Amino acid sequence: MRHRKNILREQEEPKKLRVLFMGDSQTAMSSISYAYKLLRDGVVDGNVAAKGGANTKQILSMMRNAIDDSYDVVCILAGSNDAWRKTADVSAKNLTAMYNS
């Protein structure tokens, strides 16, 4: 049994997923945001690129400046600010562009 425990201790820590969190205030609020909670608790490594009140067009613009090859995943929470400002077609177009980036 001891031999097995020693092998487990010698294994390397698994690499944490690097995540770029993009979005509006749902993502940007540091004290209660899901993104900051995951980063603070050490579940993932990464960064947050978000702005309260941002619509999908603004988030798409931020995304083009923030994305690089160091991220394993890009998590986008967007569209809630479009609901009262834009049509569904505009939101869908911008979300599709984000997905294809």
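Me: In which hand does α4 pass α5 in this predicted model?
Reply: The two elements concerned are helix α4 (residues 56-66) and helix α5 (residues 88-100). In this predicted model, the crossing in which α4 passes α5 is left-handed.

Me: Which residues of α5 make the contact with α4?
Reply: On the side of α4, the contact is made by T56, K57, I59, L60 and M63. Across from these, the residues of α5 are V90, S91, N94, L95, A97 and M98.

Me: Is α4 roughly parallel or roughly antiparallel to α5?
Reply: The axes of α4 and α5 come within 9 Å and cross at roughly 15°. Angles under 35 degrees count as roughly parallel. The crossing angle therefore makes the relation of α4 to α5 roughly parallel.

Me: Is strand β1 largely enclosed by the rest of the structure or largely exposed?
Reply: Strand β1 covers residues 18-23, and five of its six residues are buried. Buried means under 20% relative accessible area. The strand is therefore largely enclosed.

Me: Which residue of β2 stands opposite V19?
Reply: β1 pairs with strand β2 (residues 45-50) in the parallel sense, over six bridges. Within this pairing, the residue opposite V19 is G46.

Me: Which residue of β3 stands opposite L20?
Reply: β1 and strand β3 (residues 73-77) run parallel and are joined by five bridges. In β3, the residue opposite L20 is V74.

Terms used. Residues are numbered from 1 along each chain as its sequence is written. This is a predicted model: local features need pLDDT of at least 70, side-chain atom pairs count only at pLDDT 80 or more; totals for chains, interfaces and linings use all residues. Side-chain values use heavy atoms; hydrogens and water are left out. Buried means under 20% relative accessible area, exposed over 50%, partly exposed in between (1.4 Å probe, protein chains only). Helices (H or I, at least four residues) and strands (E, at least two) are DSSP runs, numbered from the N terminus. Two strands pair if DSSP finds at least two bridges between them. Axes are lines fitted to C-alpha atoms, for helices over the stretch in contact, and angles run from 0 to 180 degrees between N-to-C directions. Angles under 35 degrees count as roughly parallel, over 145 as roughly antiparallel, 65 to 115 as roughly perpendicular and the rest as oblique. A crossing is left-handed if the near helix is turned anticlockwise from the far one by less than a right angle, and right-handed if clockwise. Contact means heavy atoms within 4.5 Å.
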